[in-house]
Amino acid sequence: LSLTERLTAAMATASDLVQLASEVVAELHVTFGIYLAVIIRLDDDGVLRPIASAGPLAEQGGRFLLAEQPQGNGVTGRVARTGVTALIGDTSLDPDYTARDPATDPLSELAVPIRVDGRTWGVLNLEEVNPHAFDKSDASLMRTVANQLGVALHRIRIYSELEQALVTTLTVLG
């Protein structure tokens with residue numbers, strides 16, 4: 001509950017997408033010690049691109065995180081395509097898991113769709129070193145976080161559109 005309270009406060013004041021995403025993954029990492037927390041945006045070209053990440057794997061950067069991933073690949077791609085949460089106890093058994101480095105690959109993954117205006121905007125993805133690190137209650141909590149995030153992203157988009165309309169109006173009046 002304290003996590004959702006802190007995230008709600010951060011989301012209520014955020015005015016920038018990257019700032020908001022960075023605060024969310026940082027809070028998840030600090031609160032739960034997550035090995036990797038990443039928010040991945042699904043762009044109009046069908047490619048998933050990370051916009052914020054936290055945790056030891058995030059610090060490794062390019063060695064682990066894929067800069068771009070087609071929507072047709074990986075667990076996050078499956079979640080983006082289907083809009084269904086993926087709770088994976090052992091990544092080695094999931095046919096969609098993209099193995100990168102056996103020495104550092106996580107064994108558990110929880111990927112939750114982020115929806116804005118009824119469509120999948122992206123994915124909140126958490127990964128852990130140990131197998132079966134996440135359970136149904138974790139999935140429920142992350143769906144709540146993703147829902148709050150979707151509302152905040154919608155608010156940021158509407159605010160940006162309103163600001164652009166104001167600039168256009170002032171330009172026409174000028």
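Helix α5 supplies four residues to the lining of the largest pocket, the largest share from any element. The model examined here is a predicted one. In this model, the largest pocket has a volume of about 310 Å³. Its lining is made up of 13 residues, and those closest to the centre of the pocket are Arg41, Val116, Arg119, Trp121 and Arg157. Two or more lining residues come from each of β1 (36-42), β6 (119-128) and α5 (136-173).

Is threonine 120 buried or exposed? With a relative accessible area of 14%, threonine 120 falls under the 20% cut-off and therefore counts as buried. Apart from neighbours within four places in sequence, the contacts of threonine 120 are Leu42, Ala80, Gly83, Pro113, Ile114 and Arg115.

One of these contacts, Ala80, leads on to helix α4, which spans residues 74-82. The buried residues of α4 are Gly74, Val75, Thr76, Gly77, Val79 and Ala80. Which elements cover them? The cover over the buried residues of α4 includes the strands β1, β2 (47-54), β3 (69-70), β4 (86-88), β5 (108-116) and β6. Just after α4 comes glycine 83, where phi is positive, at about 75 degrees. Glycine 83 is also among the residues in contact with threonine 120.

Terms used: Residues are numbered from 1 along each chain as its sequence is written. This is a predicted model: local features need pLDDT of at least 70, side-chain atom pairs count only at pLDDT 80 or more; totals for chains, interfaces and linings use all residues. Side-chain values use heavy atoms; hydrogens and water are left out. On a 1 Å grid over the protein atoms alone, a cavity is a set of points where a 1.4 Å probe fits but cannot get out, and a pocket is an open set with protein on both sides within 12 Å along at least five of seven lines; lining residues have an atom within 4 Å of a point. Grid points are joined across faces, edges and corners, and a volume is the space filled by probe spheres set on the points. Buried means under 20% relative accessible area, exposed over 50%, partly exposed in between (1.4 Å probe, protein chains only). Contact means heavy atoms within 4.5 Å.
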